[in-house]
Amino acid sequence: MTWHPFYVGDGTPRDVDLGEPPPWRRFPRQPLHREFQPPPGLIEAVNAALTLRRPLLLTGAPGSGKSTVIEQVAKELKLGTVLRWHITSRSTLADALYRYDALGRIHAQRLEGDRGSDDIAPFLRLGPLGTALLPAKRPRALLIDEIDKSDLDLPSDLLDVLERGEFEISELARYREDVVRIRESDGDARSQVVKGHVQCEAFPFIVMTSNGERDFPAAFLRRCIRFAMPMPTVTSLRRVVAAHLQINETQSGAIDTLITTFVERLAGGESLAVDQLLNAVHVLTSTQAPDEEDARHVLELILHRLSHA
Ligand SMILES: Nc1ncnc2c1ncn2[C@@H]1O[C@H](COP(=O)(O)OP(=O)(O)OP(=O)(O)O)[C@@H](O)[C@H]1O
Ligand SMILES: [Mg+2]
């Protein structure tokens, strides 16, 4: 294999032009609201969730676009920047509502002594869920990503907050001032909280994603609209590729072969993600594309199966 457009492996310093990155690896990251091609059935599921003011639970294979759906919905419906809560086994409901830096406040009180204002606001910050529940005329968009990675109790804890659309900031309930302006989770905006009580007006548009590794309690599922991202087809992948990359006539034959093979491998039960296909197409169509012999090896590198690695 002799594909070495940049790194050659001889240790000799040289000036190398790395070419244009794939559009989805430009920084700061560009939103994907125009590129996203909703699979059949998704539009209805989103509209059902919007109509019923219920969270949408998206399941499906890695790379099937679950985390990208909300960007398009938020853009189209002008719901503002998407609030993101990325779940790990350590995620707690309390952190997603707000954080209080008690230690920081004690330090500040010691430093300032009697001269200090003893203001609590700088030490409180709303989390993504807390920000989504702030009262506003337009709903916010909130992505609760990879909820299947959570601690077992989290979905049930979340249920209660989502049912009532409200929560308390206990540190403020007994604070000397009734009205406190608290920082939101994204940016420097501040919102007024009265007597430590936050109650939503317009229920946020919430998308929860799961790779389907886990069963959720029936009480949780009952309160969500569920949608399983379908397996991509040759037609849907052609549209996805065309949305992300400029393809010229001479390249389209090779790319169609790539797409057909990709769909056949999926049908054979292999785990492959749409973004692997996009990577493969980018390499084949870039100015540093490998020639035919090398292309086979490079594509094997990129299009490796995601399970049994
Ligand atoms: N229907 C689609 N239309 C356009 N692009 C898509 C589509 N599906 C996936 N993609 C592309 O694939 C990439 C991966 O999508 P995304 O991260 O949303 O997948 P995911 O289902 O959340 O995966 P994971 O389970 O690994 O988090 C995105 O960058 C997006 O560009
Ligand atoms: Mg995701």
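## Conventions and model basis

Helices (H or I, at least four residues) and strands (E, at least two) are DSSP runs, numbered from the N terminus. Residues are numbered from 1 along each chain as its sequence is written, while chains are lettered from A and ligands numbered from 1 in the order in which they are written. This is a predicted model, in which local features need pLDDT of at least 70 and side-chain atom pairs count only at pLDDT 80 or more, whereas totals for chains, interfaces and linings use all residues.

## Local backbone features

Two backbone features are considered here. The peptide bond that runs from F27 to P28 is cis, its omega being near -5 degrees, and P28 is placed in the segment before α1 (42-52). K78, although not a glycine, has a positive phi of about 55 degrees, and this residue belongs to the loop between α2 (69-76) and β2 (83-86).

## Domains

The protein is divided into domain 1 (42-228) and domain 2 (232-302), with bounds that come from an automatic or database domain assignment. The C-alpha centres of the two domains lie 37 Å apart.

Five residues of domain 1 are in contact with five residues of domain 2, where contact requires that the C-beta atoms of two residues, placed from the backbone, lie within 7 Å. On the side of domain 1 that touches domain 2 there are two nonpolar, three polar and no charged residues. In this classification Ala, Val, Leu, Ile, Met, Phe, Trp, Tyr, Cys and Pro count as nonpolar, Asp, Glu, Lys and Arg as charged, and the others, Gly among them, as polar.

## The shell around ligand 1

Of the 20 residues around ligand 1, those that come nearest are P62, G65, K66, S67 and T68; a residue is near a molecule or strand if its C-beta atom, placed from the backbone, lies within 6 Å of it. The elements giving two or more residues to this shell are α9 (234-244) and α11.

By class, the shell around ligand 1 consists of eight nonpolar, nine polar and three charged residues. Domain 1 (42-228) and domain 2 (232-302) each supply at least three residues to the shell.

## Packing of α10 against α11

Helix α10 (residues 249-267) and helix α11 (residues 274-285) have axes that come within 11 Å and cross at roughly 155 degrees; axes are lines fitted to C-alpha atoms, for helices over the stretch in contact, and angles run from 0 to 180 degrees between N-to-C directions. The two helices α10 and α11 are therefore roughly antiparallel to each other, given that angles under 35 degrees count as roughly parallel, over 145 as roughly antiparallel, 65 to 115 as roughly perpendicular and the rest as oblique.

The crossing of α10 and α11 is right-handed, a crossing being left-handed if the near helix is turned anticlockwise from the far one by less than a right angle, and right-handed if clockwise. Q251, A254, I255, L258, I259 and F262 of α10 make the contact with L277, A280, V281, L284 and T285 of α11, and by class this contact has nine nonpolar, two polar and no charged residues.

## Packing of α9

The axes of α9 and α11 are 11 Å apart and the helices pack at an angle of about 55 degrees, so α9 and α11 are oblique to each other. Their crossing is right-handed. In α9, L237, V240, V241 and H244 meet V274, L277, L278 and V281 in α11, a contact with seven nonpolar, one polar and no charged residues.

The axes of α9 and α10 come within 10 Å and cross at roughly 130 degrees, which makes α9 oblique to α10. The crossing of α9 with α10 is right-handed. Here V234, L237, R238 and V241 in α9 meet I255, I259, T260, F262 and V263 in α10, and the contact comprises seven nonpolar, one polar and one charged residues.
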